[in-house]
Each structure stands twice: as structure tokens, then as C-alpha cells.
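User: I have a new model to look through with you. Can we keep it quick?
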Amino acid sequence: MARRLVPRSSSATAKVPWWSWIPHVRYSVVGTVEAADEVPDRLPRRAMIVVEGGSGPSWVAFDCPCELRHRLLVPLGKRMTPNWRLTEWKRPSLYPSVDSTEHSKRCHFWLSEGKIRWARDQAT
């Protein structure tokens, strides 16, 4: 005899979030500028701009994936401490993780192959 599955929630039907069927758009580097003050005020969603000086990439600018969408400027230069490593521009990865505490909000995530993976809240 077939067993009937009952949802654990109090509602009779389990709802699937509307966004679960939308294909995930990945972050990508859309351009370069020579100085950080040349980064546009508005960027398309999931767009990154690399600031390249005479010695190669020194910063990457993008809007945080949180709901506030505050601007992040991550140092890439090897002489800067701390610094991150940016690999691949079409599907970028940033190493190590980005941990921002701006606007009284903590945003801690990894960017890997253009996708955001949020860190678990470490507060207990």
C-alpha cells in the first residue's frame, strides 16, 4: 500500500518560493577603470569593475549581494594587507571570503565561479 506524505508545516500545501525556478545569474567583471574614483555610482546587478593601475589589478568594486546593496571595494594588490585574489573574469572567484560589517550589518560570503555562498551566522 502506498504511504501518503503529509507536510510538516501547519498548512495543507507546501509552497515553493517563486524565485527557485528562476535561473541564477552569476557575477561577472564588466569592465576596468584606472582609478577607484572612476567606478560608476550605479552598477548593473551582479556586475564587478576592476581598478587596474600600472602594476595590474589593485581593487575590485561591486555592490554587496545583501538587501542593502552597499558598495564593496576589495583590495587585490599584493602589497596591501589584507588582500584578496580574483580569478577568472567571466565567472569570478574571490579568495578568501568577504566579511563586511558596514551599516551595522554583517555580510559574510564567498564568491565562487560567479555565485554567492553565504557563511553561516557564527554567533551562538
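User: Which residues touch the most other members in the largest nonpolar core?
Analyst: This is a predicted model, where local features need pLDDT of at least 70, side-chain atom pairs count only at pLDDT 80 or more, and totals for chains, interfaces and linings use all residues. Numbering runs from 1 along each chain as its sequence is written, and side-chain values use heavy atoms, without hydrogens and water. Met48, Val60, Phe62, Leu86 and Leu94 touch the most other members of that 18-residue core. A nonpolar core is a set of buried Ala, Val, Leu, Ile, Met, Phe, Trp, Tyr and Cys residues joined through side-chain atoms within 4.5 Å. Buried means under 20% relative accessible area, with a 1.4 Å probe and protein chains only.

User: Which strand gives the largest share?
Analyst: E7, with three residues. Strands are DSSP runs of at least two residues, numbered from the N terminus.

User: What does Phe62 touch?
Analyst: Beyond four places in sequence, its partners include Tyr27, Met48, Leu94 and Phe109. Contact means heavy atoms within 4.5 Å.

User: New topic. In what order do E5, E6, E7 and E8 sit in their sheet?
Analyst: The order is E5-E6-E7-E8, in an open antiparallel sheet. E5 (85-87) and E8 are the edge strands. Two strands pair if DSSP finds at least two bridges between them.

User: How many bridges join E7 to E8?
Analyst: Four. Phe109 has Trp118 in E8 as its bridge partner.

User: And Ala119, buried or exposed?
Analyst: Buried, because its relative accessibility is 17%. Ala119 lies in the segment after E8 (115-118). Leaving out neighbours within four places in sequence, Ala119 contacts His108, Phe109 and Trp110.

How values were computed: Buried means under 20% relative accessible area, exposed over 50%, partly exposed in between (1.4 Å probe, protein chains only).
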